[in-house]
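Trainee: I would like to learn how to read a protein model one feature at a time. Where do we begin?

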Amino acid sequence: MTEALQKFAPILDPLQLNHPGVDVAVVTLLGSLCPVTLAHVQGFMEARRLLKGEDDSLRPTQLEQFQEVVGFIALNPDEYVVPKVHGKGQCCLDFAGRKHCVELAICDHNWLALEEFEGCSLSRVRAKWPGPRFTH
């Protein structure tokens, strides 16, 4: 989690300092991600674009607009993934391998981070940056 706080600091520190009360969306994904694909990351990018209102022509009219978006990815445990994948007659990456692949997939996105389980990081983010209003 410390990694996520460090990764988000360049985005959230200025908001904390200069724009208290700003709205920040928190988008999360829990999945097996065996393996993570470009489509998983593109889904986050599309959500961010829509939530920030970067393309009004495709944005639902009733959708709340946010000034910033951060995202977290949580991985299902091996106890869930291995039987699921092996039941289909396929091989799978273990948790460490899947985690490494996700880290590589999101390394260029300073607003995306891994978390231990879905939703567990939000309280720490709110504690570190009490000024912005985070909506999950």
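Mentor: We will go through the sheet, a central strand, an aromatic pair, the core and a loop. Keep in mind that this is a predicted model.

Trainee: How many strands form the sheet, and in what order do they come?

Mentor: To read a sheet, list its strands in spatial order and then look at the direction of each pairing. Here 4 strands form an open sheet in the order β3-β2-β1-β4, and the pairing is parallel. The edge strands are β3 and β4 (133-135), each of which pairs on one side only. On average, neighbouring strands of this sheet are turned by 25 degrees against each other, direction ignored.

Trainee: How many bridges join β1 to β2?

Mentor: Strand β1 (residues 23-31) and β2 run parallel and are joined by 8 bridges. To locate one of them, find Leu-29, whose bridge partner in β2 is Ile-73. Val-24 stands opposite Phe-134 in β4.

Trainee: Which residues of β2 point one way, and which the other way?

Mentor: Along a strand, sort the residues by the side to which they point, then check the burial of each group. From β2, Glu-68, Val-70, Phe-72 and Ala-74 point one way, while Val-69, Gly-71, Ile-73 and Leu-75 point the other way. All of them are buried. That makes 8 of the 8 residues of strand β2 (residues 68-75), so the strand is largely enclosed by the rest of the structure.

Trainee: Which helix lies across β1, β2, β3 and β4?

Mentor: That is helix α1 (residues 2-18), which runs at about 165 degrees to β2. One of its residues is Phe-8.

Trainee: Is Phe-8 buried or exposed?

Mentor: Residues with a relative accessible area under 20% count as buried. Phe-8 has a relative accessible area of 0%, so Phe-8 is buried. Leaving aside neighbours within four places in sequence, Phe-8 is in contact with Val-70, Gly-71, Phe-72, Asn-110, Trp-111, Leu-112, Ala-113 and Trp-129. For a contrast, take Thr-61, which is 53 residues from Phe-8 along the chain: their C-alpha atoms are separated by 29 Å.

Trainee: How is a pair of aromatic rings described?

Mentor: A pair is described by the distance of the centres and the angle of the planes. In this model the count comes to 1 aromatic pair. Phe-8 and Phe-72 form it, with 5.3 Å from centre to centre and 70 degrees between the planes, and the arrangement is edge-to-face. The pair links distant parts of the chain, as Phe-8 in helix α1 and Phe-72 in strand β2 are 64 residues apart. Both residues are buried.

Trainee: Which residues touch the most other members of the largest nonpolar core?

Mentor: For a core, ask about its members and then about the elements they come from. The largest nonpolar core has 33 residues, and those touching the most other members are Phe-8, Leu-12, Val-102, Trp-129 and Phe-134. Two or more residues each come from α1, β1, α2, β2, α4 (95-106), β3 and α5 (122-128). The most come from α1, with 7 residues. As for Val-102, its contacts, not counting residues up to four places away in sequence, are Leu-33, Val-36, Ile-73, Leu-75 and Leu-114.

Trainee: Why does Arg-49 count as buried?

Mentor: Arg-49 lies in helix α2 (residues 38-52). Its relative accessible area is 19%, and the limit is under 20%, so Arg-49 is buried. A polar contact of 2.5 Å joins the side chains of Arg-49 and Glu-46. Not counting residues up to four places away in sequence, Arg-49 touches Glu-54, Asp-55 and Leu-58.

Trainee: What should I look for in a loop?

Mentor: Check the backbone angles. Most residues other than glycine have a negative phi, and most peptide bonds are trans. In the loop between β1 and α2 you will find Leu-33. Phi of Leu-33 is near 45 degrees, a positive value in a residue other than glycine. Leu-33 counts as buried, at 5% relative accessibility. Pro-35 lies in the loop between β1 and α2 too. A cis peptide bond joins Cys-34 and Pro-35, with omega at about 5 degrees.

Conventions:
Residues numbered from 1 in each chain as written. Predicted model: local features only at pLDDT ≥ 70, side-chain atom pairs only at ≥ 80, totals over all residues. Heavy atoms only, no water. Buried < 20%, exposed > 50% of the residue type's maximum accessible area, 1.4 Å probe, protein only. Pairing = 2+ DSSP bridges. Axes fitted to C-alpha atoms, helices over the stretch in contact; angles between N-to-C directions. Contact = heavy atoms within 4.5 Å. Phe/Tyr/Trp six-rings, centres within 6.5 Å; stacked < 30°, edge-to-face > 60°. Polar contact = N/O pair within 3.5 Å; in protein donor to acceptor, adjacent residues only side chain to side chain. Core = buried A, V, L, I, M, F, W, Y, C linked by side-chain atoms within 4.5 Å.
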